[in-house]
Amino acid sequence: MLIFASCILLFLIGLYAIVTKRNLIKIAIGFALVEYAVNLLFALIGFKKDALAPIITRLDTPHNFVDPIPQALVLTAIVIALGTTALMLAVIMRIYGRYKTFDIAKIKKLKG
Amino acid sequence: MSFIPLYFALPLVSAFLTPILGKIYKPLAGLLSLITSFVLFILALYGVAITQEVPLLVYKMGNWSPPLGIVMAFDSMSALMVLTISIVVFAGALFSLRYMSHYTGQWKFYTLLMLITAGMMGLSITGDLFNMFVFLEIAAIASYALVAFGVEAEELEASFKYMVMGEIGGLTFLLAIALIYAKVSTLNLADISNAMQAIRGTTFFWMIIGMMLFAFSIKAALVPFHSWLPDAHPAAPAPISSLLSGIFIKVLGIYTTARLVFNVFGLSRATDPLFFNILIGLGLLSIAFAGLTALNQGDYKRLLGFSSVSQIGYIMLGFGIGNYEGVAGAIFFILAHALAKGLLFLTSGAVVYSTGTRDLKKLAGLGEKMSTTAWSWRFGFLSLAGIPPLVGFWAKFYIIKGALKADLLWLGLVAIILSVLTLAYLLKIENSVFMKKGKSDAKPAPFTMRIAMVFLVVLIVLLGVGFQQIIDFIVGPAAHALLRGLEYSQLVFGNIALNF
C-alpha cells in the first residue's frame, strides 16, 4: 500500500512543480514527473511477487503470471507522453525564440 | 465489412495520405480532407439511420470478444456525436480551402485537422476506457499543435497555456483509469459498469468520479477551469476555432462525462441528487461568469470564446437536470451550439480574411460590404440567443421544460434571465461590426468561404423548422441511450453476436 501511496505522492510533487514553477522547462519536467508517476502506478498494479512472465507454454499452467495488460497500457501511455513532451518542448523553444525568456511571469501578451 | 471502424480509420488514412499528396500538388491536401469529411457525413447519416432499428451495434476489434478485446459500441448518442463532428469538420474544411491559402505548410494543417477528426470520432464510438484515453490524447495533441499553428508570440503562449491545462486533465484521467483497473481489473466500459456496482457509494467510487469530473471539466472549459479557452480558441486559425469551440470541447468534455456518468457509473438524479446538483452548479457558474466577462471583451474571437464557455454551461445544466427533457435538451444544445458557434467563428474568419483585424473598435460598416457574412452572422447569432424558430431556441426550450418538469421552477427562470446575457454580448459584435456605419474597403468573402457559411445557415434553419423530426429521430434516441443507464452493459454483451 505504501508503494502506491508514494506513486500518488510523486504525482502530487509533479503537479506542485507544474503549478508553482515559473520556468517553462521546469514545468515540462513537472509533466515528466507526473507521467512517470502514473506509468509507475500502472506497472505496480500488474506486478506480483515471484510471478512469471505471461507466456503460455505447455509446461506451465497459467497460475502465477504477472498481469500483462498494465504493461501494454504503459507502453501506449509512454508513447503518448513522448508526443506531448516533444510538442511541449518544441513550443517552449519557439516561445524562447519570440520572448527571449523562459520566465512565465514575463510571457504575458495575452490579457486575463 | 463493418462500417463502424471507418469513422476513425478514414480520417486516419486521410491524415497520413495528405503529406504525400500535398507534396505532389498542393491543393490536393485540402481536397482530400474535404472529400473525407463529406464521406464521413454520409456515413454518419447512415449510422443515424441504422441506430433507428438496432439500439446498439458492437464492433469487435480483431474479432476478440469483450471483455478481453477492445470493442466499439455505437449507439444513438454516438451517432449524434459523429453526425455533429462530420458537419462541423466539413464546413471547416470547405472554409479552409481559401482561408488557409496564405499560410505556409498547408498539408501540415490538413494532416492535423484529420487527426483531430479521427480522435474525436474514435472517442465518440469507443467502448473501452483506455481506448477513450488514447483517442482523447490524439485529438488533444493535434489541437495543441493547431492552436500554435500561426507560431506568433500570442499563439504560442496560448498553446502552452492550453497544453498545461489540458495535460493536467488528461493525466488525471489516466490516473483515474489506473485506479479503476487496480480495483476491477477490466477496461471494457460495459464490464466496468457491472463491476463498479459492487463498490457503489464507497469513498473510492466517489473519488474516481471526482477525478473524472475534474479532468473533463478542464477539457470542457467549465468555470473555474476555463482560463485556457478564451486564449486558445481565438489563437487558432478560424476554421479550427470553429471546430474547437463547435464540437471539440463537447466531445472531450461533455460527451465523455455524460457517457461515464450515466452508462458506466449508472448515476441518476433519483439516486444521487447531490452529484447532479454539482453539475447544475457548475453549469450556472459557467453561464453567469463567462457571460458577464464576455460583455467586456473588445476582440471578436475572444468574445466568442467566452461565449462558448457560457454556452457549455447550458449543456451541463441540462445534464444536471437529469430527466428526459433536460438530457434531450442538453444533447440538442450540443447540436445547436455546434452549428451556431461553428458558423460564428467562420464569420469571424471571413472578417479577419477581408479586413485583417478582429478588434471590435476598428471594424465597422461590414453589414453592407460583406452582406453574406453579415446575414450568416445574424442567423448564427439569433440561433445562439434562442430566437424561434431557429434551432437554438428549441434546444434551450427543452432544457427549460426539463427544469420545470423536475420541479426546479427557479432554475428555469434563472436560465431564461441568463440567456439575456447571450443576446447582450452578441449584440455588441452585431452593433460594432455589422450595424455601425463606417468606411470600409473590405471585399466580400471568397466563394468557398461563403458556401461553408451558407451550408451551416441552411442547417440552422432546417433543423429549427423540423425540430420535431430531429427530436424524434436523432436527439430523443440519444437521450434514451444515455438514460438507459446500466442496461448499456447488457446491450453491449447481448449484441456481440450481431456482427455489423
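The points below go from the conventions to the chain contact, the helix packing and then the backbone details.

1. Conventions. This is a predicted model, in which local features need pLDDT of at least 70 and side-chain atom pairs count only at pLDDT 80 or more, while totals for chains, interfaces and linings use all residues. Residues are numbered from 1 along each chain as its sequence is written, and chains are lettered from A and ligands numbered from 1 in the order in which they are written.

2. The contact between the chains. On the chain A side 27 residues are in contact with 26 residues of chain B, where contact means that the C-beta atoms of two residues, placed from the backbone, lie within 7 Å. Helix H1 (2-20), helix H2 (24-46) and helix H3 (68-99) of chain A are the elements that give two or more residues to this side; helices (H or I, at least four residues) and strands (E, at least two) are DSSP runs numbered from the N terminus. H3(A) supplies the largest share, 14 residues. By class, the side of chain A that touches chain B holds 20 nonpolar, 3 polar and 4 charged residues, with Ala, Val, Leu, Ile, Met, Phe, Trp, Tyr, Cys and Pro taken as nonpolar, Asp, Glu, Lys and Arg as charged, and the others, Gly among them, as polar.

3. H3(A) against H5(B). Across the chain boundary, H3(A) packs with helix H5 (residues 129-147) of chain B at an angle of about 10 degrees, their axes being 10 Å apart; the axes are lines fitted to C-alpha atoms, for helices over the stretch in contact, and angles run from 0 to 180 degrees between N-to-C directions. That makes the two helices roughly parallel, on a scale where angles under 35 degrees count as roughly parallel, over 145 as roughly antiparallel, 65 to 115 as roughly perpendicular and the rest as oblique. From H3(A) the residues A:Leu73, A:Thr76, A:Ile80, A:Gly83, A:Thr84 and A:Leu87 meet B:Phe130, B:Val134, B:Glu137, B:Ile141, B:Tyr144 and B:Ala145 of H5(B). The residues of this contact divide into 8 nonpolar, 3 polar and 1 charged.

4. In the model, residues 27-47 of chain A are 95% helix and 0% strand, with end C-alpha atoms 30 Å apart, and residues 72-96 of chain A are 100% helix and 0% strand, with end C-alpha atoms 36 Å apart.

5. Helix H13 of chain B. The 32 residues of helix H13 (residues 324-355) of chain B should span 46 Å at 1.5 Å a residue, and the end C-alpha atoms are 46 Å apart, which agrees; the expected span is 1.5 Å times one less than the number of residues. Just after H13(B), B:Gly356 takes a positive phi of about 80 degrees.

6. H3(B) against H13(B). The axes of helix H3 (residues 76-99) of chain B and H13(B) come within 10 Å and cross at roughly 5 degrees, and the two helices are therefore roughly parallel to each other. Among the residues that make the contact are B:Leu80, B:Val88 and B:Phe95 of H3(B) and B:Ile331, B:Ala338 and B:Tyr353 of H13(B). The contact residues comprise 11 nonpolar, 3 polar and no charged.

7. Backbone details to check. Most residues other than glycine have a negative phi, and most peptide bonds are trans. The peptide bond from B:Val223 to B:Pro224 is cis, with omega near 10 degrees, and B:Pro224 is found in the loop between helix H8 (203-220) and helix H9 (229-235) of chain B. B:Asn63 has a positive phi near 60 degrees and counts as exposed, with 8 C-beta neighbours inside 10 Å.

Conventions
Buried ≥ 20, exposed ≤ 12 C-beta atoms within 10 Å, placed from the backbone.
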